[in-house]
Amino acid sequence: MEKLAKPQIISHIEKSLDYSIFDAKWVPCSAKLAVIGSRPRGSGVIQIFEVSSGELDLVKSIERSCSIKCATFKASSLRERHLAAGDFKGKLNLYDLEDASVPIYSANAHTEIINAIDGVAGDSIGCGAPEILTGSRDGSVKVWDPRQKDKPVAVMEPKEGETRRDCWSVAFGNSYNDDDRVVVSGYDNGDVKMFDLRAMALRWESNLKHGVCGIEFDRRDIAMNKLVCTTLQGKIYLFDLRTQHPKKGFAYLVEKAHSSTVWLVRHLPQNREIFATGGGNGSLCLWKYHYPEKRKVADSEGIEEGIVGNLKLLQHSTLSSQPVSSLDWSPDKQGLAVCTSFDQCVRVIITTRLNLY
């Protein structure tokens, strides 16, 4: 009975495809999802599926000349629903899925593959400009405004002569008014860097010892609250961002998970204290964060430092024999998600009993 009282992760629909799948995203305000990847010959593909009567029906298939690695709808309004995608040659394209034969915006963003992408849309959350964030193997992290052609809004990269590390993950945060916004990036050597776009300066950095595969704020459109990073060696790092100590930085906790690489982290849109992580062993873990009684305390010198809470594992489920490569929660239906794995399968999953948390 206790087991049944926990949330259950149910694979509702499974569909095998004939190409390598790298990412999948729900199309906002619809029962459709966009699946992106690479065909064996090296071309890229974007396919739109619709959930209908317990099946995934193919609505549209778009072929591109270059393999596509990552995509997001988050830089677009709910009305336009434009898909931003980064490819293996470092190109950033923005597509109108109604007619995706030609990108409505395109930029030669990087010299090598775009590993990670994120977006934030001013007109959907009421703050700031619509922007796209990209991180690449060339070591640079760039911010793009689709209204501004060819030139990035901001570039964060090593100085000339410094070692360029492969950027694996990026995320927007702190976008709660028209002026403030930060980006965080994770690298193959374990570096995590937080850049303040208002001050155009490095605000905080740390090293987690192992490559940072996934990174996400619990909410991008509020004052910074929590940040979760996942790593190559199976660990989750959760940082409390409300209080930054000048020497100690942010309070954090470390949790071992999956006993393999933790590829990703995705917070539940309807509850920021719940998030899922995807593992290299084909598993999904569902976590709940519990706050401490006090979130900050004064140290011996009277300087405030943060206090971190604790994580509880709500559920663990193995969906595939291959690593989970992407996960996207539906913004419209709590507990509904799409995930992909390296077995070339896309799965629509349902997580039950989330309303009890």
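Analyst: Happy to. Contact here means heavy atoms within 4.5 Å. Please keep in mind that this is a predicted model.

Let's begin with T72, which belongs to strand β6, residues 68-72. With that cut-off, and leaving aside its neighbours within four places in sequence, T72 is in contact with K25, H82, L83, A84, I117, D118 and G119. Buried means under 20% relative accessible area, so T72, at 2% relative accessibility, counts as buried. The side chain of T72 also has a polar atom that lies 3.0 Å from the backbone nitrogen of K74.

Next comes a sheet. The strands β2, β3, β4 and β5 make up an open sheet of four strands in the order β2-β3-β4-β5, and their pairing is antiparallel. The edges are taken by β2 (20-26) and β5 (55-64); each has a single partner strand, so one side of each is left without a neighbour in the sheet. From one strand to the next, the twist averages 25°. To look at one pairing in detail, take strand β4 (residues 44-52), which runs antiparallel to β5 and is joined to it by nine bridges.

Six of its six residues are buried, so β29 is largely enclosed by the rest of the structure. In a regular strand the side chains alternate between the two faces of the sheet. Both faces of β29 are covered, with L336, V338 and T340 buried on one side and A337, C339 and S341 buried on the other.

β29 also has pairings to follow. Strand β28 (residues 324-329) pairs with β29 in the antiparallel sense over five bridges, and S326 stands opposite T340 of β29. These two strands form a hairpin with six residues between them, and in the turn G335 has a positive phi of about 90°. Strand β30 (residues 345-351) is likewise antiparallel to β29, joined to it by six bridges. In that pairing, C339 has R347 of β30 as its bridge partner. β29 and β30 form a hairpin too, with three residues between them, and Q344 in the turn has a positive phi of about 65°.

Notes
Residues numbered from 1 in each chain as written. Predicted model: local features only at pLDDT ≥ 70, side-chain atom pairs only at ≥ 80, totals over all residues. Heavy atoms only, no water. Buried < 20%, exposed > 50% of the residue type's maximum accessible area, 1.4 Å probe, protein only. Polar contact = N/O pair within 3.5 Å; in protein donor to acceptor, adjacent residues only side chain to side chain. Pairing = 2+ DSSP bridges. Axes fitted to C-alpha atoms, helices over the stretch in contact; angles between N-to-C directions.
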